[in-house]
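Colleague: I have not worked with this structure before. Please take me through it step by step.

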Amino acid sequence: MLHKILKIVAAVLSLVGIVSLVRIIAAGDEAIETGEKAGLVDPMAWVAYIILGLVLLFVIVFVIKNLFTNTSGLKNTLIGIGAFAAVLIIAYVVSGGDTMQYKLEDGFATAGQSTMVGAGLVAFYILLAVAAVSMIFSGVKKVISK
């Protein structure tokens with residue numbers, strides 16, 4: 001029953017998206033850029049928002065359902081979340097911010113904002129290094145096991 005309802009919803013959203021796309025293409029780029037046909041883009045954007053919301057809802061529901069039905073998966077998930085939180089905390093502690101004043105649209109960046117940006121960059125570098133090392137380790141392990 002749920003499968004049939006989802007197929008109908010997908011078909012309706014697809015139809016609305018196709019009609020919106022055809023109307024946008026028929027209007028042309030120049031008409032939309034000048035603002036004459038700006039109302040044509042809104043239905044397509046709403047279809048995208050609805051689809052994004054539905055996808056996020058279903059992902060969250062099925063992930064939570066799977067976590068509670070699979071207790072070993074719950075343990076692994078909590079370990080992963082803890083490791084990610086540890087990386088974020090380490091990145092925040094390591095990044096001391098920047099003494100330079102950065103001009104933003106509505107003023108200057110505060111020391112806290114600078115620290116958060118630095119922490120984000122450090123976290124990215126840490127996660128990049130972990131991913132690279134794990135890919136190399138996995139490749140070497142696969143070659144050695146053959």
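Modeller: Let me begin with a term: a helix here is a DSSP run of H or I with at least four residues, and helices are numbered from the N terminus. Please keep in mind that this is a predicted model.

Colleague: Understood. How many helices and strands are there in the protein?

Modeller: The protein has five helices and two strands. Read from the N terminus, the order of the elements is α-α-α-α-β-β-α.

Colleague: What percentage of the residues count as buried?

Modeller: The protein has 146 residues, of which 12% count as buried.

Colleague: And what share of the contacts with a separation of 6 or more comes from residues 24 or more positions apart?

Modeller: Such residues account for 47% of those contacts.

Colleague: Let us turn to aromatic rings. How many aromatic pairs does a search of the whole structure find?

Modeller: The search finds three aromatic pairs. In one of them, Trp 46 with Tyr 49, the ring centres lie 5.7 Å apart and the planes stand at 85 degrees. The pair counts as edge-to-face because that angle is over 60 degrees.

Colleague: How far along helix α3 are Trp 46 and Tyr 49 from each other?

Modeller: Trp 46 and Tyr 49 are three residues apart in helix α3, which covers residues 41-69, so about one helical turn separates them.

Colleague: Is Trp 46 buried or exposed? And what about Tyr 49, buried or exposed?

Modeller: Trp 46 has a relative accessible area of 55% and is exposed. Tyr 49 is exposed as well, at 53%.

Colleague: What kind of pair do Phe 58 and Phe 62 form?

Modeller: Phe 58 and Phe 62 form a stacked aromatic pair, with 6.3 Å from centre to centre and 20 degrees between the planes. They sit four residues apart in helix α3, so about one helical turn lies between them. Phe 58 is partly exposed at 30% relative accessible area, and Phe 62 is partly exposed at 46%.

Colleague: I would like to stay with helix α3. Which residues does Leu 54 touch, leaving out those up to four places away in sequence?

Modeller: Leu 54, which is found in helix α3, touches Val 9 and Leu 13 on that count. Its relative accessibility is 30%, so Leu 54 counts as partly exposed.

Colleague: A change of topic, then. At what angle do helices α4 and α5 pack?

Modeller: Helix α4 (residues 71-94) and helix α5 (residues 111-145) pack at about 130 degrees, and their axes are 8 Å apart. That angle makes α4 oblique to α5. The crossing of α4 past α5 is right-handed.

Colleague: Which residues make the contact?

Modeller: From α4 they are Phe 84, Val 87, Leu 88, Ile 90, Ala 91 and Tyr 92. From α5 they are Thr 115, Met 116, Ala 119, Val 122, Ala 123, Ile 126 and Leu 127.

Colleague: How do the residues of that contact divide into nonpolar, polar and charged?

Modeller: The contact of α4 with α5 has 12 nonpolar residues, one polar residue and no charged residues.

Definitions and conventions. Residues are numbered from 1 along each chain as its sequence is written. This is a predicted model: local features need pLDDT of at least 70, side-chain atom pairs count only at pLDDT 80 or more; totals for chains, interfaces and linings use all residues. Side-chain values use heavy atoms; hydrogens and water are left out. Axes are lines fitted to C-alpha atoms, for helices over the stretch in contact, and angles run from 0 to 180 degrees between N-to-C directions. Angles under 35 degrees count as roughly parallel, over 145 as roughly antiparallel, 65 to 115 as roughly perpendicular and the rest as oblique. A crossing is left-handed if the near helix is turned anticlockwise from the far one by less than a right angle, and right-handed if clockwise. Contact means heavy atoms within 4.5 Å. Ala, Val, Leu, Ile, Met, Phe, Trp, Tyr, Cys and Pro count as nonpolar, Asp, Glu, Lys and Arg as charged, and the others, Gly among them, as polar. Rings of Phe, Tyr and Trp (its six-membered ring) pair if their centres lie within 6.5 Å; planes under 30 degrees apart count as stacked, over 60 as edge-to-face and the rest as tilted. Buried means under 20% relative accessible area, exposed over 50%, partly exposed in between (1.4 Å probe, protein chains only).
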